[in-house]
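Please consider the sequence and the structure shown below. The paragraphs that follow lead through selected local features.

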Amino acid sequence: MYGARRELCLRARSAQRWSPNCSYACQARSIPTLLQQRGLASSPLLSNSTHSSQLATRYEETLPRLHLNPPFPLRPYSTTTEEAIKNRFENAQPTNEPEQPIYASEPAPSTENYDPQHSEEASVIRRKHILKYVPPRFKRDKHMLQRAKMQEYEKNLQWAYLRHQYAKSELAAVQKQFNKWKKAIARLDSSRQPGTLQGDDQGKWLYDLPNVEAMSDAWETRSIETRQKDWFSVMLATLRWSPSKASMVLEATMNPLPPGYAIHDVLRFIAQNLRLSSIRNAHDRAAAAEEVLSLLAHIIEVVPKNYVPFQQSTIGLFAKRLPAGEAKELYEILCKNGIKLHKNTLLHFAGKLAGEAAYKNAAFEILKTMLENGANLNDTSSASVVTTLLHCKAMDAGWSETVETFAVKDALQLFIEHGYSPNTINLTAVLDSLCQHGHTEEAIRLALLFAESGVPLDAKAWSTVYAGAKSSLNVENVAKALLVAKVTPASYKDVLSNALHAIFYFADAETRNKRLQAPWSIPMFRPMLKVYAKKLELKALQWWLPDSLPLLLSDEGVDAEIDDKFRDPLNHDWDFTKTILPVVDKLFAAEGSPGEGKLQLNTAADGVMLRAYIRSLSQPRDILSFYKFFKSRLEEDSKYPRLLLEDQGTMIHDTFILVMTQHRELWREALRVFGDMLKDSLRTSSAIGQEGASARAARLRSEPIEPDSYNAAIEATPPGSTGVHPAPTVFTLTILLRGLLYQGETALADQMMQVMQEQDITPNLTTWNTLIRHHALAQNTRMAVTLLQEMDAAGLKPDTHTYNAFNKLRNQDKALEMMQSILDENRRIAAAG
């Protein structure tokens with residue numbers, strides 16, 4: 001269907017040749033294209049076909065003053081092939097159809113020198129992309145078959161354009177080199193060995209040089225003829241043996257210019273193999289991205305226009321794989337040089353920019369322009385980009401650069417005005433953005449408005465609003481968020497478990513707001529248990545606890561031992577019992593449906609209750625005794641441990657470590673908990689590869705963290721037993737690290753960082769802030785500055801907590817001098833190569 005429409009379009013255009021004898025009315029259809037190429041199409045009437053008579057008159061008056069010339073020199077041969085190559089945007093396909101190759105750098109199609117005697121040539125090119133032989137693996141994989149067809153189509157289009165650029169006497173040699181290059185590139189793309197490819201080792205003398213300047217100097221020592229002849233073998237050798245140097249070699253060998261099709265193929269190879277995320281050092285990663293952008297800018301701006309037949313898919317790959325800053329610069333370079341972009345390519349740029357707060361306004365401008373040009377954003381790919389744009393995470397002030405705010409609601413309103421139909425995911429992103437920026441009341445109001453308007457909200461939308469209400473520490477917001485649950489399909493169990501967690505969250509936040517000194521306990525388990533028992537069965541929770549729950553439900557004074565176990569030794573006046581607790585109690589006390597009994601097993605609620613139980617214990621002996629009981633339960637053959645760990649992960653173990661490290665008597669026991677977790681993670685690894693896990697355990701034993709606790713935990717368990725503890729995460733290690741530093745165990749904290757490295761656990765911003773704060777409090781300026789530099793090299797930006805930690809240093813001038821000296825040293829090392 002699409003091919004037939006396009007053939008009719010080509011035939012219709014064949015009747016409109018550029019001729020001085022044609023009337024201006026006949027030329028009117030091609031004039032808007034010429035005006036756009038010249039930057040003169042400022043009138044909105046130019047795109048309105050209903051004003052053809054007015055346009056003819058205006059063109060007749062305007063043409064003598066414009067002195068328009070054809071956009072490229074007239075040639076004696078037909079331009080049907082050229083039009084087939086260039087005319088990709090006017091007939092762009094919907095996004096649910098396969099995207100065809102589009103030559104981005106070509107000007108808009110024109111019909112000035114169209115020769116009707118070759119009107120069938122474009123359709124012949126389309127038929128030629130049919131593969132003569134389809135390998136069996138292509139028949140099984142439609143994606144690979146489609147890709148092979150597109151590559152064949154692209155090859156034929158490139159050759160159809162290329163063959164008109166050379167004299168007939170040169171065509172045989174040019175076609176031989178063209179086919180040879182395409183076969184070599186195809187072998188590289190399919191990950192097959194090049195075999196007897198000529199020049200496999202002829203690029204080592206060039207790509208082994210350290211930088212572009214050295215490569216360029218070495219390249220230009222050869223004669224022009226030698227460079228022209230050797231370029232293919234040198235570049236293929238680089239792509240084969242040192243693909244990471246491809247951009248440097250290409251930039252160094254651009255004099256004389258290689259064939260445009262070869263430049264494009266190398267750029268596509270670079271884009272396909274661009275893996276910046278694998279570079280761990282942030283400065284090296286930024287340098288690699290800048291190197292690629294510099295190469296693209298040189299080719300787009302310096303190389304003659306239309307010389308390189310850019311494909312939209314290649315530009316799209318660069319948009320996806322370059323960092324957002326470089327992607328924005330590339331987009332501006334493309335626009336500045338008049339390179340038109342397909343809708344899908346624009347979506348690639350918008351999606352990349354929308355993912356970072358600093359570039360959301362730039363992404364919005366791209367989508368806004370697309371809407372104004374008549375694009376439809378209701379397809380799946382476009383809706384995904386819109387969701388990314390509307391989801392704005394809160395930006396921490398700290399040391400980060402000032403970021404222009406993005407108006408989420410205004411953007412959504414503009415999209416709707418242009419015919420966009422928001423889906424549930426879009427709306428959830430908007431709600432989360434409002435909550436993260438402190439506009440929780442507005443998010444709740446908007447959620448209720450959506451529901452009243454008939455827009456479906458899912459359970460994720462409710463949990464998003466509820467999390468924002470909980471984070472606001474405002475009881476009224478929590479109560480309103482619970483009302484939102486009634487208009488969503490959120491399960492009753494999830495609502496109850498989230499309500500219980502609100503009590504835990506408010507109580508934990510109160511300890512920080514009141515700046516209570518550790519160790520402390522929070523008497524929240526018994527009041528939470530009374531709420532829990534109104535709707536949930538006690539059987540599963542009782543299985544995890546050594547105390548009698550009916551006894552805990554009784555009033556204080558019945559059992560003195562129980563009262564002492566959960567009593568706050570400092571007798572604080574806790575606000576959460578008067579604020580959030582009554583709201584949640586009212587929810588649990590509400591009558592359900594007639595005949596509805598208490599709910600059965602709820603691992604999320606049980607997990608919250610277990611953490612509340614641990615935080616309520618004030619005596620070290622009770623904490624240690626409960627961990628031993630909990631560990632024995634984990635080792636039992638029952639459904640409860642598996643279900644709990646699947647739902648809670650490391651949170652309960654992390655709570656044990658947090659509480660233990662607050663007590664001077666228990667920090668070694670915290671190491672035992674960590675040892676249990678690490679031991680089982682090593683045993684799990686041994687199930688996959690016994691030899692590799694044994695080697696790792698041997699390394700760990702050779703560098704003991706604590707001989708009487710950590711190693712004992714590894715060696716005590718008999719081999720072959722099943723692991724029941726979750727593997728430690730970065731949160732586990734950060735909590736342990738903070739506890740060890742609080743107890744003054746700096747040497748063990750340093751060894752914890754080594755364990756993180758050996759376990760391939762990447763420190764997060766909280767980990768770095770914890771270390772910086774500790775060394776800043778100790779007035780260890782050099783170590784604090786070094787950690788700040790290492791954090792920056794890891795790609796993490798300082799936040800408010802980093803600033804506050806660094807501000808603990810008394811001698812700020814000395815710290816700044818050290819930072820400057822480190823920067824100078826890094827520049828000196830980089831300059832030395």
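**Burial, loops and surface charge**

C435 is buried because its relative accessible area is 10%, and buried here means under 20% relative accessible area, exposed over 50%, and partly exposed in between (1.4 Å probe, protein chains only). The model is a predicted one, in which local features need pLDDT of at least 70 and side-chain atom pairs count only at pLDDT 80 or more, while totals for chains, interfaces and linings use all residues. Residues are numbered from 1 along each chain as its sequence is written, and side-chain values use heavy atoms, with hydrogens and water left out.

Another cysteine, C392, has a relative accessibility of 7% and therefore also counts as buried. Across the whole structure, the search for disulfides finds zero; a disulfide is a pair of cysteine sulfur atoms within 2.5 Å.

Several loops carry backbone features of interest. Helices are DSSP runs (H or I, at least four residues), as strands are (E, at least two), and both are numbered from the N terminus. Between helix 13 (246-252) and helix 14 (260-272), the loop contains P256, and the peptide bond leading from N255 to P256 is cis, with omega near -5°.

N306 occupies the loop between helix 15 (282-301) and helix 16 (312-321). Although N306 is not a glycine, its phi is positive, at about 75°. With 22% relative accessibility, N306 counts as partly exposed. D760, in the loop that joins helix 40 (746-758) to helix 41 (765-777), is likewise not a glycine and has a positive phi of about 55°. Its relative accessibility is 68%, so D760 counts as exposed.

The loop between helix 38 (710-716) and helix 39 (730-742) holds P726, which counts as buried at 14% relative accessibility. Along the chain P726 and S681 are 45 residues apart, yet their C-alpha atoms are separated by 7.0 Å.

Which residues form a positive surface patch? The patch consists of R515, R738, R773 and K808. Patches are made of residues with over 30% relative accessible area and no salt bridge, with like charges joined within 9 Å and nonpolar side chains (Val, Leu, Ile, Met, Phe, Trp, Tyr) within 5 Å. A salt bridge is a side-chain nitrogen of Lys or Arg within 4 Å of a carboxyl oxygen of Asp or Glu. Accessible areas come from the Shrake-Rupley method with a 1.4 Å probe. Of the patch members, R515 lies in the loop between helix 26 (492-513) and helix 27 (525-532), and R515 counts as exposed because its relative accessibility is 71%.

Methods
Lys and Arg count as positive and Asp and Glu as negative; His and the chain ends are not counted. The place of a charge is taken as NZ of Lys, CZ of Arg, CG of Asp or CD of Glu.
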